[in-house]
Amino acid sequence: MRDIAVFSGTAHPDLAAEICAHLGVPLHPVRVSRFANDCLEVQLQANCRERDVFLIQPLVPPVQEHLVELLLMIDAARGASAGRITVVLPHYAYARSDKKDAPRISIGARLVADLLTSAGADRVLAMTLHSPQVHGFFSVPVDHLHALRELATHFRRYDLSNTVVVSPDLGNAKEAAAFARLLGTPVAAGAKQRFSDDLVKISAVIGDVTDRDVIVLDDEIAKGSTVVELMEHLRGLKVRSIRLACTHGLFSGDALQRLSDQDGVLEIVCTNTVPIPAAKRVPKLQVLSVAPALAEATRRIHNGESVSALFA
């Protein structure tokens, strides 16, 4: 069995340290420097030869900076004769660019997947990709985790006898239905039309939500425009209370404060796949850790065990 070596980029070192604590292995240092011409240089400061190397780096703002940093880490590990290179990608930002829905646009999810593979990645460990087809954009094995168990464990603390899970759109309805099964609740969904990155229109909510406590589930919340639009409809349907849940709490700009200020919102729950600055946090925010799940998946990959068994 190859020895394991774990490295982290600068995107989310706290998550990487927590994963290593659960694994009981050290987080090896990485030196990131910049040439006078602004180009990055990366050095992995531990032996990689014939080792099972795991590189942890979510693609969070500045996304392009962290992507290039990750590509250089992969190249450094390959050049150092790593036995196998696994990219641990808690958040794959380019997953939203997954289809050609307008003329002459790029499909960034496929392009970046090709870049990671060309740099030398042998496999990818991802968490809650934006859509199922993104998995197939990679030409190397992908272990795709989700955070539904962590979110369900949190919400089971409440009385769910009058609760319904609501998906903001039909595209996320399958995940919402799986989440509702974990909680033993019904499910509903919004009928959404997107006009631009921050302009959406929800024409109706499919399902019975009147006089119910609702949990709105999405894969990620960035600007929050979809969720705000949905909550307006939910309030019009006289729901009792609203809780928001997502895997990736990006919360760009003042989104977190704006969501917290919405009428009827009792709680906002996300995971720590991406870092949330202390200055942005609000009292209604609850951040759950996915480090144990990522650590267990890492251990199983290293030992050649089933990762899908985690969801059995």
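How many salt bridges does the rule find across the interface of domain 1 and domain 2? The rule finds one there, and the views below place it in context.

The model is predicted, with local features requiring pLDDT of at least 70 and side-chain atom pairs pLDDT 80 or more, while totals for chains, interfaces and linings use all residues. Residues are numbered from 1 along each chain as its sequence is written, and side-chain values use heavy atoms, without hydrogens and water.

View 1. Domain 1 spans 2-144 and domain 2 spans 147-287, with bounds from an automatic or database domain assignment. Their centres, taken over C-alpha atoms, are 28 Å apart. Twelve residues from domain 1 and 13 residues from domain 2 make the contact (heavy atoms within 4.5 Å).

**View 2. Buried area.** About 1,100 Å² is buried between domain 1 and domain 2, with 53% given by carbon and sulfur atoms (accessible area, 1.4 Å probe, lost on putting the two parts together, summed over both). On the side of domain 1, His91, Arg96 and Thr128 lose the most area to domain 2, together 47% of what that side buries.

**View 3. The salt bridge.** Arg96 and Glu220 meet through their side chains at 3.4 Å, N to O (a side-chain nitrogen of Lys or Arg within 4 Å of a carboxyl oxygen of Asp or Glu).

**View 4. An aromatic pair.** Tyr92 and Phe138 form a tilted pair, 5.6 Å centre to centre with 50° between the planes (rings of Phe, Tyr and Trp, the last by its six-membered ring, pair if their centres lie within 6.5 Å; planes under 30 degrees apart are stacked, over 60 edge-to-face, the rest tilted).
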